[in-house]
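Here are my notes on this one, jotted down while clicking through it. Have a look at the model before you read on.

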Amino acid sequence: MKITVNGIQLNYEETGSGQPLVLVHGFPLNHTIWRKVAGRLSATFRVIMPDLRGHGASDAPEGTYTMDLLALDLLGLFDALNIKKAVLAGQSMGGYVSLAFACAYPERLSGLGLIATQAAADAPERRAGRHAQANEMLTKGIASLVETMTPKMAVSATSRRITRQVMKKAIPMGVAGALKGMAERPDRTESLSGLHIPALIVAGGADVIIPLERTHEMAAHLPDAVLQVLPGVGHMPMLEAPAALAKALLARFAK
Ligand code: MLT
């Protein structure tokens with residue numbers, strides 16, 4: 001399904017009925033990575049899985065996709081779908097966007113899920129690397145990014161294969177926009193203490209992209225957070241441990 005928000009077409013998939021739950025994918029992925037989890041939640045929640053600007057079947061305009069801009073797109077989605085309040089859960093970059101949304105529009109959230117993500121900003125060298133990579137996207141395409149990222153994303157060969165297939169479909173202009181936006185994201189650690197929203201933090205115990213230290217920092221600052229670390233799971237809990245992730249979301253947010 002497509003809607004127009006902020007001058008672009010945003011694609012989303014919806015399944016189930018009940019309390020709204022919006023699941024936000026990471027970089028450089030799309031909404032399809034949530035399907036294994038969504039199938040386990042649709043009896044309880046109205047599950048909405050958007051493709052962020054620049055990803056999946058959403059438009060990919062030129063520019064820097066700040067996390068605030070991506071959050072504003074989600075606000076447009078909430079309004080277009082008549083969602084007054086939802087549980088918002090995002091993985092990795094989807095978590096950065098969810099945190100930006102929670103800081104800007106806390107009154108629209110009944111819960112916040114932060115999955116394999118962090119509140120910290122990039123170190124200067126990482127920021128510079130992202131800008132260099134963004135330029136490379138537009139000249140050389142995404143092939144080398146897919147090759148370097150795939151081994152880091154998941155532990156099992158099957159989850160890596162699925163992740164790779166999804167990443168290969170990414171649009172260079174969208175990938176560049178997201179890289180520049182992630183490079184610019186602020187450190188939100190200090191804002192966490194002001195977020196009085198029921199939160200769930202899920203981390204893969206074997207995630208090599210987000211250090212566990214970052215996870216524990218978020219748990220220490222958020223006033224109402226439940227933390228779950230999934231042993232042996234990498235950066236993609238929705239593929240690597242969909243049953244455990246769905247169970248954690250149900251336990252924390254089902255009314
Ligand atoms: C993601 O998985 O969304 C990204 O790898 C996060 C990042 O690069 O910081």
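1. Buried here means under 20% relative accessible area with a 1.4 Å probe, protein chains only. Strands are DSSP E runs of at least two residues and helices are H or I runs of at least four, both numbered from the N terminus. As background, side chains in a regular strand alternate between the two faces of the sheet.

2. Before going further, the caveats: this is a predicted model, where local features need pLDDT of at least 70 and side-chain atom pairs count only at pLDDT 80 or more, while totals for chains, interfaces and linings use all residues. Residues are numbered from 1 along each chain as its sequence is written, and side-chain values use heavy atoms, with hydrogens and water left out.

3. Strand 3 (residues 19–24) runs parallel to strand 4 (residues 45–50), joined by four bridges; two strands count as paired if DSSP finds at least two bridges between them. Leucine 21 has valine 47 of strand 4 as its bridge partner.

4. Strand 5 (residues 86–91) also pairs with strand 3 in the parallel sense, over four bridges. There, valine 24 is partnered by glycine 90.

5. Now helix 2 (residues 67–80): its 14 residues reach 20 Å from first C-alpha to last, close to the expected 20 Å, taken as 1.5 Å times one less than the number of residues. Its buried residues include Met67, Leu70, Leu74 and Phe78. Just after helix 2, asparagine 82 has a positive phi of about 60°.

How values were computed:
Buried means under 20% relative accessible area, exposed over 50%, partly exposed in between (1.4 Å probe, protein chains only).
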